[in-house]
Amino acid sequence: MLAGMEPIELAGRLGLALAMAIFIGVAFEEIYKRNEPANPGGIRTFPLLALLGSMLFLLEPKSLLAFIVGLPGVALWLYARIRTAPADATDPSSLVIPTANLLAYSLGPIAITQPPWIIVAASVAAVLLLEGREPLHRLVRTVPREEVFTLGKFLILVGLILPMLPNHPVVGWTPITPLQAWLALVAISTLSYVSYLLQRYVPRTGTLLPAVLGGLYSSTATTVALARQQKQSGVPDSRLSAGIVTATTIMYLRIGIVVAIFNAQLALLLLPALLGLFLAGAVLAAFEWYRASTNTPPKALPETNPLQLPTAIMFAAMFIVITLASGWVRARYGQSGVLSLAAIAGTTDVDPFVLSLAQGSVTGMTPRALAAAILIAAASNNVLKALYAVLFGSLKACGRPAVLLLTLAVLGIAVAAGYLR
């Protein structure tokens, strides 16, 4: 690489290494030398280390012998400085101090051999980590331990399992590939996880925002939670009724987002229907909210971690079963069979069925028929939620929101019938 590099380009890259070393040095001085000047490193040391690393690299750019020999020398110097630090030095055992110095030593070779964005990105990351010392420590003390495991589960789903799955059909019963099946799970998990984080960490009062976020996570679970609160209150509360309707209203947006991820053409076809049902639900929820009493706001919805691995596996299994069932029903009973299956699927979980159709599990059906099947599944799910509202909240407390959910279900069936004409 050096053989084909013009002197002016080499000078520019060395200048970039010096500039980034100074940049890191400024942040280091502010955090680690303000109260303890004896800490090694800083605005002068880092550029000198960058120059040293650059010159040793240029001496033997092929074997890197000079640069490698210099590395233990820098390490021994750092060890001696840290060992002789005063007993009351600030965080004398921290690895951040030697790591920052070794990073400065490596900036020269990085600038010479790698694209400029790499050294800039590394330097910016280092400065953010240095400057974020106190906020990051506060974050560690604030975030519960289980949240780290939750993030780990999410990374397992997205970064470990997903890339390992084949993107070709493994059985002749369905065109859906294992990668598509798991990608459907990842899409739902991502949407649910974001909603869960917002529910847990965004300051909120009352019922409206939890109902909106709950609708993104699971409108069915939100309906059950609010119905239970309605029953506990003993007096029908229009705010809880508005929350139940709001969660279902948000479900239409959720369906639109999920379909758009996998089938943009089908999503555009569904857009007028989903938008119309969303507006109808918003009007009903707004009317209920307008009727709300001025009592003490109800308790917020409990946050439920959506990234339980058994739940994820169950969702993936459900997706595969519904995909196979959709293909078989289509081959055996035709379009009417798929529409009947949509009504049945909506009484369990609407997401696997919607994702199955969006990914092309059913062939030989027109896009309008697929859109009608999705709307029927959503309407069937609304009937289920109306039933849950009455069962978990009693007819007296939740009869009104149940009627409103049934109204949305009837509207959904009517719109689906329009797609089938």
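## Burial and model confidence

A residue is described here as buried when its relative accessible area is under 20%, as exposed when that area is over 50%, and as partly exposed in between. Arginine 13, at 12% relative accessibility, therefore counts as buried.

The structure is a predicted model. The protein chain has an average pLDDT of 80, and 80% of the residues score at least 70. Confidence is highest in helix H2 (residues 45-59), with a mean of 92, and lowest in helix H9 (residues 208-217), with a mean of 69.

## Salt bridges

The structure contains 2 salt bridges. Side chains of opposite charge can pair when their charged atoms come close. One of the bridges joins glutamate 9 to arginine 13, with 3.3 Å between the closest N and O atoms. Both residues belong to helix H1 (residues 7-33), where they are 4 residues apart, about one turn of the helix. An α-helix has 3.6 residues a turn, so residues three or four places apart point the same way. Glutamate 9 has a relative accessibility of 35% and so counts as partly exposed, whereas arginine 13, at 12%, is buried.

Glutamate 288 forms a salt bridge with arginine 400, and here the closest N and O atoms are 2.6 Å apart. Glutamate 288 counts as buried because its relative accessibility is 0%. Arginine 400, by contrast, has a relative accessible area of 39% and is therefore partly exposed.

## Helix H16

Helix H16 covers residues 395-420, a run of 26 residues. At 1.5 Å a residue, H16 should span 38 Å; the C-alpha atoms at its ends are 35 Å apart, which agrees with that expectation. The helix bends by about 30° at proline 401.

Proline 401 is itself among the buried residues of H16. Others in that group include Ala397, Cys398, Gly399, Ala402, Leu404, Leu405, Leu408, Ala409, Gly412, Ala416 and Tyr419.

## Arginine 368 in helix H15

Arginine 368 is located in helix H15 (residues 367-393). Its relative accessibility is 38%, so arginine 368 counts as partly exposed. When residues up to four places away in sequence are set aside, arginine 368 touches Leu269, Gly418 and Tyr419. Tyr419 is one of the buried residues of H16.

A polar atom of the arginine 368 side chain lies 3.4 Å from the backbone oxygen of glycine 418. Leucine 269 is 99 residues from arginine 368 in sequence, yet their C-alpha atoms are 7.4 Å apart in space.

Serine 106 lies in helix H4 (residues 96-113). With a relative accessibility of 19%, serine 106 falls under the 20% limit and therefore counts as buried. Its side chain has a polar atom 2.8 Å from the backbone oxygen of leucine 103.

Glycine 337 is placed in helix H13 (residues 309-345). At 10% relative accessibility, glycine 337 also counts as buried. Glycine 337 and serine 326 are separated by 11 residues in sequence and by 8.5 Å in space, C-alpha to C-alpha.

Conventions. Residues are numbered from 1 along each chain as its sequence is written. Side-chain values use heavy atoms; hydrogens and water are left out. Helices (H or I, at least four residues) and strands (E, at least two) are DSSP runs, numbered from the N terminus. Buried means under 20% relative accessible area, exposed over 50%, partly exposed in between (1.4 Å probe, protein chains only). A polar contact is a pair of N or O atoms within 3.5 Å; within protein, one must be able to donate a hydrogen and the other to accept it, and residues adjacent in sequence count only if both atoms are side-chain atoms. pLDDT is the predictor's confidence in each residue, from 0 to 100. The expected span of a helix is 1.5 Å times one less than its number of residues. The bend at a residue is the angle between axes fitted to the seven residues ending there and the seven starting there. A salt bridge is a side-chain nitrogen of Lys or Arg within 4 Å of a carboxyl oxygen of Asp or Glu. Contact means heavy atoms within 4.5 Å.
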